[in-house]
Amino acid sequence: PARYFDTKTTEPISFFLSGLEELLAWQPNTNDEFNVSAVPLAKRQPSLHSRRPRTLVCHDMRGGYLEDRFIQGSATRNPYVFYHWRYIDIFVYFSHHTVTIPPVVWTNAAHRNGVPVLGTFITEWTDGEKLCEAFLAGGEEAYGAVAEQLAHIAQHYRFDGWLVNIENTLSAAAVGNLPLFLRDLTARVHSAVPGGLVIWYDSVLKNGTLKWQNELNDENRMFFDACDGLFTNYNWKEEQLERTHRLAGPRQNDIYVGVDVFARGDVIGGGFDTDKSLRLIRQYSLSAAIFAPGWVYEHLGKENFLQNENRFWGSLAEYLPTHSICTLPLTTSFSLGMGTSTFLDGKDEESGPWYDLSAQDIQPLYPELQGRLSTSCCLQDAWCGGSSLQLQGTIPPGEERVAVRLFSLQMPAPPKLFLTLLYKLEGPQPHDFTVALEVTTWDSGTCLEGNPTSLPEPNGRHHPRFLPAPPPSLAKLLATCHRGSHGWTSRCYELELQECSLRDLSVIVSRQQPSLEETSFTCLLGEVRVLDTASVAASPPQVHSVMASQIWWQ
């Protein structure tokens, strides 16, 4: 069927639903199993419900369902990717189809990085009026059926809820039932999807008029009260933020103030001035909804996209609270889910462009220190996948080392950790530097390293012990300990901790010799792993009764 498979190639594709009939007729189908997300939502800290302002990203690009619709990837050159997951809380996939089911590749990439994904339910123009009249004015049975289908779709495809966007006028009967529909949908999503969300877009008012308010007020408050949040329109001024902050009371984090990166209409700032909007939003402790950050790709072009993307998100970093990883194992090759080649064990196995967001790895922080350090993605060389993480920086005169924080962590430390690192030093004098991992722990009177007689480092810094070879029980898993190849260096470490709580994982680049001159370095990171020895030693579960169906040789 054309809905589920590309007519030219027969490859499985992601799809949307058009109109009320298609929504009400939808049911799970064996053809759509490719569209079910295979990656559970990873835990992270702080959780979505903590009391701090959040960041929502709403992805809207040329109508949606572009190359990202190919569930098993495509040979796309210079595709759009998003990878600053550590800095955001919620990802919305937006299009103008009635029911936008997020392409499963986005759900997989977001979930691997701990970010929930929402689809969009939208009605607009005269067709939207007719659609709303049919299901909202029809009473409880009619709107209940729509709410049930939407909750079931999110549950079946394993994404996390809905943005609801009613952009047309409503009759008195329809608008009267709208808050009831939102309450019903929110309750059903909460019960069908753990951690599920329903967010309302600032559009119609309580009297049914379509009039964007750019704030929370008495005209739209009953919709906010009926669901998990309000996503405001983009043309707000500071006094509207102040009023919204006052009216939202304890729910101020549930107000997502819209920021259009394309800066359409009368806005405070978009493009590379988006930080001006965020600065004001955060002054009032409100959450932010960054709409169409694909501006970087669409407006500035595909060629320098990764460079421009890092510049854009780097300019916002001080207003984006980051998230910590709180489960082990942590393992990543930093792949973006795209590449100009496919690498395996440091070797270029297959050259040619590819794009598959499901293959995106856990993404790190992307720290930038003006003039001292930049972190970016390198497509020209990698250990595994399509890219490595490139660290470029300088060690100032008289200083010995630079620490680059890759991940913040928040979890109790197991008694024994194994860590592995694959790296490659580039530049004129790679032998002038050493590269190692550092783990920091939260200050506590009880935290000790190694045996009880050893003293903890000041500031809770721990330098794991270098292992020339892995212990026999882990030799198979840690084969990388001495398998650096194609110019990559491999290192294994072990760290014993007692009653500690993990805080950060950093890479330390140090000089071999002290120097009074500034020294520049370039280091590629190919893979980092942090493993809890106890759980690694246990053998993995065996896979039983594998079945293959619909096999077609071509």
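## Cysteines

Cys326 is buried in this predicted model. Its relative accessibility is 17%, which falls below the 20% limit for a buried residue. The closest cysteine sulfur to that of Cys326 belongs to Cys500.

The structure as a whole holds 0 disulfides.

## The largest pocket

Cys377 turns up again here. It is one of the residues nearest the centre of the largest pocket, together with Leu306, Gln307, Asn310 and Ser376. The lining numbers 31 residues, and the pocket holds about 570 Å³ of space. By class, the lining has 16 polar, 10 nonpolar and 5 charged residues.

Which elements each supply at least two residues of this lining? They are helix H10 (305-316), strand S13 (338-344) and strand S15 (373-378). H10 gives the largest share, with 7 residues. Both domains take part: domain 1 (16-27 + 48-71 + 80-323) and domain 2 (330-537) each provide at least three lining residues.

## The enclosed cavity

Rolling a probe the size of a water molecule over the atoms shows where empty space is left. The count comes to 1 cavity of 30 Å³ or more. The largest cavity has a volume of about 40 Å³.

Its lining consists of Glu67, Asp68, Phe70, Gly73, Val105, Tyr355, Asp356 and Leu357. Sorted by class, this lining has 4 nonpolar, 3 charged and 1 polar residues.

## The annotated barrel region

The UniProt record, an unreviewed entry, marks residues 65-341 as "domain: Cytosolic endo-beta-N-acetylglucosaminidase TIM barrel". In the model, this stretch is 37% helix and 18% strand.

## Cis peptide bonds

The peptide bond from Gln45 to Pro46 is cis, with omega near -15 degrees. Pro46 sits in the loop between strand S1 (44-45) and strand S2 (55-59).

The bond from Leu328 to Pro329 is cis too, with omega near 0 degrees. Pro329 belongs to the loop between strand S11 (324-325) and strand S12 (330-332).

Phe334 is not a glycine, yet its phi is positive, at about 70 degrees. It lies in the loop between S12 and S13. Is Phe334 buried or exposed? Its relative accessibility is 1%, so it counts as buried.

Glu499 also has a positive phi, near 50 degrees, and is likewise a residue other than glycine. Its loop runs between strand S23 (489-498) and strand S24 (501-511). Glu499 is exposed, with 63% relative accessible area. That value is over the 50% limit for an exposed residue.

Technical notes
Residues numbered from 1 in each chain as written. Predicted model: local features only at pLDDT ≥ 70, side-chain atom pairs only at ≥ 80, totals over all residues. Heavy atoms only, no water. 1 Å grid on protein atoms, 1.4 Å probe; cavity = no way out; pocket = protein on both sides within 12 Å on 5 of 7 lines; lining within 4 Å. Points joined across faces, edges and corners; volume = space filled by probe spheres on them. Helix = DSSP H or I, 4+ residues; strand = E, 2+ residues; numbered from the N terminus. Nonpolar A, V, L, I, M, F, W, Y, C, P; charged D, E, K, R; others polar. Domains from an automatic or database assignment. Disulfide = S-S within 2.5 Å. Buried < 20%, exposed > 50% of the residue type's maximum accessible area, 1.4 Å probe, protein only. UniProt positions renumbered as here; feature names shortened; annotations may be inferred.
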